[in-house]
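I opened my notebook to look up a few things in a new structure. Here is what I wrote down as I went along.

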Amino acid sequence: MQQLIIAGIYLPETSHDKYQCWPEELGQQIDMISGRRVYELRGHVQKIAYSYDYLTADMWQALSGVLRAGNSFTVTYLPDNSEEMKTGIFLCESLTQPTFAFSRYGKAFWHNISFTLREVSPHD
C-alpha cells in the first residue's frame with residue numbers, strides 16, 4: 001500500500017508505527033487589553049511523520065533535495081481517516097540527519113531517515 005509520495009518520489013511503505021498522519025489545529029493565543037486570553041483558530045493543517053530504516057543513495061539524494069530546499073512541495077498522502085490518498089502542499093518541519101548504513105554493489109544505503117511535514121495552508 002502506498003502511503004506517501006513527495007514531489008513525485010514514491011517512498012517505500014513503512015510499518016511498525018513509523019507513519020503518522022493527523023489533522024492539527026492551527027491557531028494562536030492572543031492576550032486582550034483587558035487581560036483576558038483568547039485562542040484564535042485559523043483552521044486545521046495536516047501533519048505527517050514518516051521514518052524508514054534505510055534508503056538507497058539515489059532515493060535519499062532525490063528526497064533530501066526536496067526536504068532541504070526550504071520550499072513548499074506537493075505531497076500525496078494516506079490520511080488517518082480515509083483509505084483514499086489525498087494531495088496537498090507541504091513544508092518540511094523537521095528532518096533527522098541520516099547516517100551511512102552500508103554499501104552494496106558500490107551504492108550507499110542511508111540509515112534512520114525520519115522527518116515531519118506540515119501542510120502550508122489551513123482548511124476548514
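First, a term I need: buried means under 20% relative accessible area, exposed means over 50%, and partly exposed is in between (1.4 Å probe, protein chains only). With that rule I checked Arg37, which counts as exposed because its relative accessibility is 53%.

A note on what I am looking at: this is a predicted model, where local features need pLDDT of at least 70, side-chain atom pairs count only at pLDDT 80 or more, and totals for chains, interfaces and linings use all residues. Residues are numbered from 1 along each chain as its sequence is written, and side-chain values use heavy atoms, with hydrogens and water left out.

**Entry: salt bridges**

I set the rule before counting: a salt bridge is a side-chain nitrogen of Lys or Arg within 4 Å of a carboxyl oxygen of Asp or Glu. How many salt bridges does this rule give? The count comes to five.

Arg37 has Asp31 as a salt-bridge partner, with 2.7 Å between the closest N and O atoms. I also found Glu40 bridged to Arg42, at 3.8 Å from N to O. Glu40 is partly exposed because its relative accessibility is 34%, and Arg42 is partly exposed at 46%.

Next I looked at Lys107 and Asp58, whose closest N and O atoms are 3.6 Å apart in a salt bridge. This pair links distant parts of the chain: Lys107 sits in strand 8 (residues 107-119) and Asp58 in helix 1 (residues 57-67), 49 residues apart. Helices (H or I, at least four residues) and strands (E, at least two) are DSSP runs, numbered from the N terminus. Lys107 is partly exposed at 42%, and so is Asp58 at 49%.

I also noted a network: Glu24, Lys47 and Glu93 are joined by salt bridges that share partners.

**Entry: Lys47**

I wanted to know more about Lys47. Where is Lys47 found? I located Lys47 in strand 4 (residues 37-56). Is Lys47 buried or exposed? Lys47 counts as buried, because its relative accessibility is 9%.

The side chain of Lys47 makes a polar contact with the side chain of Glu93 at 2.6 Å. A polar contact is a pair of N or O atoms within 3.5 Å; within protein, one must be able to donate a hydrogen and the other to accept it, and residues adjacent in sequence count only if both atoms are side-chain atoms.

Then I listed what Lys47 touches, not counting residues up to four places away in sequence: Gln20, Cys21, Trp22, Glu24, Glu93, Thr116, Leu117 and Arg118. Contact here means heavy atoms within 4.5 Å.

**Entry: aromatic rings**

The rule for rings: those of Phe, Tyr and Trp (its six-membered ring) pair if their centres lie within 6.5 Å, and planes under 30 degrees apart count as stacked, over 60 as edge-to-face and the rest as tilted. My search of the whole structure turned up seven aromatic pairs.

One of them is Tyr50 with Tyr52, a stacked pair at 6.4 Å centre to centre with 10° between the planes. Tyr50 is buried at 2% relative accessibility, while Tyr52 is partly exposed at 23%.

I then checked Tyr54 and Phe102: their ring centres are 5.7 Å apart and their planes are at 65°, so the pair is edge-to-face. This pair also links distant parts of the chain, with Tyr54 in strand 4 and Phe102 in strand 7 (residues 99-104), 48 residues apart. Tyr54 is partly exposed at 35%, and Phe102 is partly exposed at 28%.

I marked one aromatic cluster, formed by Tyr50, Tyr52 and Phe115.

**Entry: strand 5**

Strand 5 (residues 73-77) is mostly covered, as four of its five residues are buried. Two strands pair if DSSP finds at least two bridges between them.

Strand 5 runs antiparallel to strand 1 (residues 4-6), and three bridges join them. In that pairing I found Ile5 opposite Thr76. Strand 5 also runs antiparallel to strand 6 (residues 86-96), with five bridges. There I found Val75 opposite Gly88.

**Entry: positive phi**

Last, I looked at two loop residues. Asp17 is not a glycine, yet has a positive phi of about 65°. Asp17 lies in the loop between strand 2 (9-10) and strand 3 (19-31), and is exposed at 78% relative accessible area.

Tyr105 is not a glycine either, and has a positive phi of about 55°. I found Tyr105 in the loop between strand 7 and strand 8, exposed at 80%.
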